[in-house]
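Please open the structure in your viewer and keep the selection panel at hand. The tour below goes from one selection to the next.

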Amino acid sequence: MNNCVKQTQLCLLIVIVMSGGKYLSLPGILASFAGRDSWISMSLLFAVDFLCFVAILFAMKNCGGKSFYEILCMTVSTPVAKVLMTLYALFFTLRITGGLVDTVDLMSTSLSVVTNWAAFILPVLLVIGYNVAKGLKNTVRVTQIFFVFILISVLLIILLSVKYTDLTELNPFLSEGFKPALDGSVNMSFWFSDCLFLFFCFGNVSVGKRFFTPFIVSFLVGAVLTVMLEITFLCLFGELAPYAQNALVKVSGFNIAGTSYGRLDWIFVIIWLSSIILKSTLYFWAATVALDKAFSINSNKGHVICFAAVALLVLVAPLILPVQQMISDLFILGAGKYVTMFLQYAVPILSPLLVFAANKKHGGEKSIRRVSEVKEQ
Amino acid sequence: MKKFAGKILLFLAVCLSLWLANSYTRNELADRAVVLGLAIDKDQSGFEVTAEVVAPSGQDQSGGADTKLLSGKGKTIEEAVGDIHRVSGKDPSLAQTGIILMGEGIKEVNVLSFLGYFTFSDAFKDDVVVAFCEGKAKDVFESASPVEQIVSFALQDIIKTASDKTGGVNNYLQKFAENQISPSSASYLSVVKKKEESASQDEKGDGKKPSLYDCSSVCVFNKGQYAGELDEMQSKGFALLSNPSAYASFVVNSSSNEFGVESEITVGIASKKISFETLFEDGVPVFKVEFEAKLKRQRTDASGDVVNFLPESDGEISKDAVSQISAETQKLILAALNGCKERNCDYMNIADLFFKKFGNSWTQYAKNNPDYLNKVVFEPKIKVSD
């Protein structure tokens, strides 16, 4: 696996990953908690994510070439590090499964591509497997190619609907107080913290002259785009927002071209769907690497087995379990969200301290590698 | 084993491809009936849904669209659509539907009881035009338009596109449904009335005589129930206020026309600006309407509707004509506003606007004053100029 990536590639990936998958069932569910203020819930989640993101960046900058797993082993002990890696692998797997189940739903109901889960997921897994085997570098290169098209399709989805958008639908602002917005944030936190994959990029990122600025800009672009999509959704659907099962198709269906051009929006939907595949590839890679560390696997054969284990889980779980309902019961309405919050927020916030402690233990080394210092793994 | 690895892999790939190909529901274009418009009628036995469909045969190379009407009956809309599939053998595909026309039978039903079939579907577009018609909606679909081959397109042109220029109104599915569950609980639809059949012959030889449609009337719904049709003044006033791009024309007396004789002339609204303000004065809700319009004399090949930022020009309309139009506009707007009180139907979305500004204070007020429409004071402010 070649996991060495450039900062610019990672920045593009961050923009895509942040918006990918957040425009399926999430807006409708968020609206059921917070109503017209669901965009505030989303903004709040992104604000907290931003703090965690900056903390991860600090940790990444000062990791001294060590992987996040090595840092954990040096600080919290190896068994705890292995448990955390396993939990992260499970977290990413659940995120992938939930997102892909929503995607097959979208394809069946909107694009009339009706198939069973296995027939949908197997080709997707083959493509993802190939990319994971090649390493993160392959994924970021694909992202570079797709980035412009995905960005244009997102902007066009917003623009196609602007004629019908009524900004007054956001009023009254916080009519029920701040609690519903806060409830929405707390309950839907499972679907955020998209940048956790950066933990698995420690020591593999080559940067230019500036470290923080490009990353922060890309995060803000991703966040603003996603919030704009959410606001567009709310301004279109108002009171009906909680009933929309698939925001992407509902919003894109407001077609200013009228009857003559048919469902022009489907083109943009299909292009945007590629961002979900990219995100799933990224999370598969992160889950595989996490499992590698959890079970101390170093050989290529071992990588394949880890990937196969994750793929098998993704393939089989929806066939025997109601995954979406489980995610809703456990991680949205249930206590499982506090476990994932630990992974999503507590660990990132503590990561600079962990890095500091690891460096102090083993002597401070040089910071992140520059372009000329990157070696192929 | 390594020698055969490539062949084994190829064999597995072929098997996978075959299995994948068989794992998708066959949904060939030729097996589908692409629905362009839906006519919904209701009688005692249930719903009758008539769909204007394009059914690709795969054999016609000549191009051009040929539509057919397929009807289905059922106790629910879903059953009626399923009946279309049963009797025609074609799977109705509703993703391309552009208009839903509801017949008079819908007056007896709460529309919210069946609109969910459309609004909660991911495949169905939410900006589909919705309209009401006199008589049976199926009869409208069975007639022909003299200018457009496909009835669904003809109706959409009249209701959606042309209404902006001819002073009509149009509403679309999502807004129609949402307004029924908003604080105002009321919405509106344009009414399609078939005018006398045109004198032109049945040129196509399909048994349909071309008909003309009038879509200038408006009917209103209160909490999903039909609440009546607005009269001409109320309809015109409502169109002036509800649609920012709908224009209107006025016939006024002019002391001197181009030939220097006294006559009536037609003046159109070239651009307009509408704003609403909601406030409480001494505990009484006040609904202020500010209406500003620029006028232009209607001439040939010009309907008088243009965009804003018109250049200034010498007055071509007399001051007397302007004041006539101002008085007429005031009457129309007040007619539309007072129509809410007469019908106890908040189709002007007054409660919605109050709620957006005052939030729960308004909710509390409306709860304590369910007859808030009778208490609202209207203050229109009209400013027209040429």
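How many residue pairs are in polar contact between chain B and chain A? The count is eight, with both residues of a pair at pLDDT 80 or more, where a polar contact is a pair of N or O atoms within 3.5 Å, one able to donate a hydrogen and the other to accept it, and residues adjacent in sequence count only if both atoms are side-chain atoms.

This is a predicted model, in which local features need pLDDT of at least 70 and side-chain atom pairs count only at pLDDT 80 or more, while totals for chains, interfaces and linings use all residues. Residues are numbered from 1 along each chain as its sequence is written, chains are lettered from A, and side-chain values use heavy atoms, without hydrogens and water.

Select next the side of chain B that touches chain A: helices H1 (2–21), H5 (151–161), H7 (173–181) and H10 (350–358) of chain B each give two or more residues to it, helices being DSSP runs of H or I with at least four residues. H7(B) supplies the largest share, four residues.

Now show both partners, where 32 residues from chain B and 40 residues from chain A take part in the contact (heavy atoms within 4.5 Å).

Then zoom in on Asp126(B) and Lys250(A), whose side chains form a salt bridge at 3.3 Å, N to O; the term requires a side-chain nitrogen of Lys or Arg within 4 Å of a carboxyl oxygen of Asp or Glu, and three salt bridges are found across this interface.
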